[in-house]
Each structure stands twice: as C-alpha cells, then as structure tokens.
Amino acid sequence: NIPVAELNKDNIESELISHNVSPELIKEYMDLLNTCEFARFAPGEENEGPKLNSVYAEAMDVIGNLEQNVKS
C-alpha cells in the first residue's frame, strides 16, 4: 500500500520490517531488486535466456515467501 510517488527501496524495506519480515528475506528481496535494476540499465548480452529464467525463478520464490510471511 505504498503510493507510487513514495515507492523506493528505503520505503519498501521499512514496510517489510513493519510487517516483521525476516532480515534474511528482506535482503533476498533487495538483492533481487538490485539484480533487476542492473539488468534493466546494463547493455544486453547474448544467451541471457538462462540467466533471465534463473532471476524469474528466484523472484517467484522470494515473492511467494514474502506473501506467506506478511499474511501470517
């Protein structure tokens, strides 16, 4: 429920902390955001498919864990 204008890494991290998300899971999420940001602005490489699939799988795991953690 963070307004788009206030959506940044610090606010996301604070919100996750307020929901008692474990520091390890917060770090995983923040690392994933950094990976995605880097991929967004870095020049493309050939054969990125396997790396993209890995990032996607990691994102699914982290998001699933966050949903379970926040709901409990």
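**Figure 1. Where helix α1 meets helix α2.** In this predicted model, residues K9, I12, E13, L16 and I17 of α1 come into contact with I26, Y29, M30, L33, N34 and E37 of α2. Sorted by class, this meeting place holds seven nonpolar, one polar and three charged residues.

**Figure 2. How α1 and α2 are arranged.** Two packed helices are described by the angle between their axes and the distance between the axes. Here the angle between α1 and α2 is about 160°, and their axes are 10 Å apart. Angles over 145 degrees count as roughly antiparallel, and α1 and α2 are therefore roughly antiparallel to each other. What is the handedness of the crossing where α1 passes α2? The crossing is right-handed.

**Figure 3. The largest nonpolar core.** In soluble globular proteins, nonpolar side chains tend to be buried together. The largest core of this kind in the model has 12 residues: I12, L16, V21, L25, I26, Y29, M30, L32, V55, A59, V62 and L66. Which of them supplies the largest share? That is α2, with five residues. You have already met some of these names, as I12, L16, I26, Y29 and M30 also take part in the contact of α1 with α2.

**Figure 4. N20 in the loop between α1 and α2.** Look for N20 in the loop that lies between these two helices. Most residues other than glycine have a negative phi, and most peptide bonds are trans. N20 is not a glycine, yet its phi is positive, at about 60°. Is N20 buried or exposed? Its relative accessibility is 68%, so N20 counts as exposed.

Figure 5. D61 has its place in helix α3. With a relative accessibility of 52%, D61 counts as exposed, because the cut-off for exposed is over 50%. Y29, by contrast, belongs to the largest nonpolar core. How far apart are D61 and Y29 in sequence and in space? They are 32 residues apart in sequence, and their C-alpha atoms are 9.9 Å apart in space.

Figure 6. I2 sits in the segment before α1. Its relative accessible area is 25%, so I2 is partly exposed. Which residues does I2 touch, not counting those up to four places away in sequence? They are L7, N11, I12 and E15. One of these, I12, is also a member of the largest nonpolar core. The C-alpha atoms of I2 and M30 are separated by 16 Å, and the two residues are 28 apart along the chain.

**Figure 7. Stepping back to the whole protein.** The protein has three helices and zero strands, and its pattern along the sequence reads α-α-α. Along the principal axes, the C-alpha atoms fill a box of roughly 40 × 25 × 20 Å. Of the 72 residues in the protein, 17% are buried. Among contacts between residues at least 6 apart in sequence, 61% join residues at least 24 apart.

Definitions and conventions: Residues numbered from 1 in each chain as written. Predicted model: local features only at pLDDT ≥ 70, side-chain atom pairs only at ≥ 80, totals over all residues. Heavy atoms only, no water. Core = buried A, V, L, I, M, F, W, Y, C linked by side-chain atoms within 4.5 Å. Buried < 20%, exposed > 50% of the residue type's maximum accessible area, 1.4 Å probe, protein only. Helix = DSSP H or I, 4+ residues; strand = E, 2+ residues; numbered from the N terminus. Axes fitted to C-alpha atoms, helices over the stretch in contact; angles between N-to-C directions. Parallel < 35°, antiparallel > 145°, perpendicular 65-115°, else oblique. Left-handed = near helix turned anticlockwise from the far one by under 90°. Contact = heavy atoms within 4.5 Å. Nonpolar A, V, L, I, M, F, W, Y, C, P; charged D, E, K, R; others polar.
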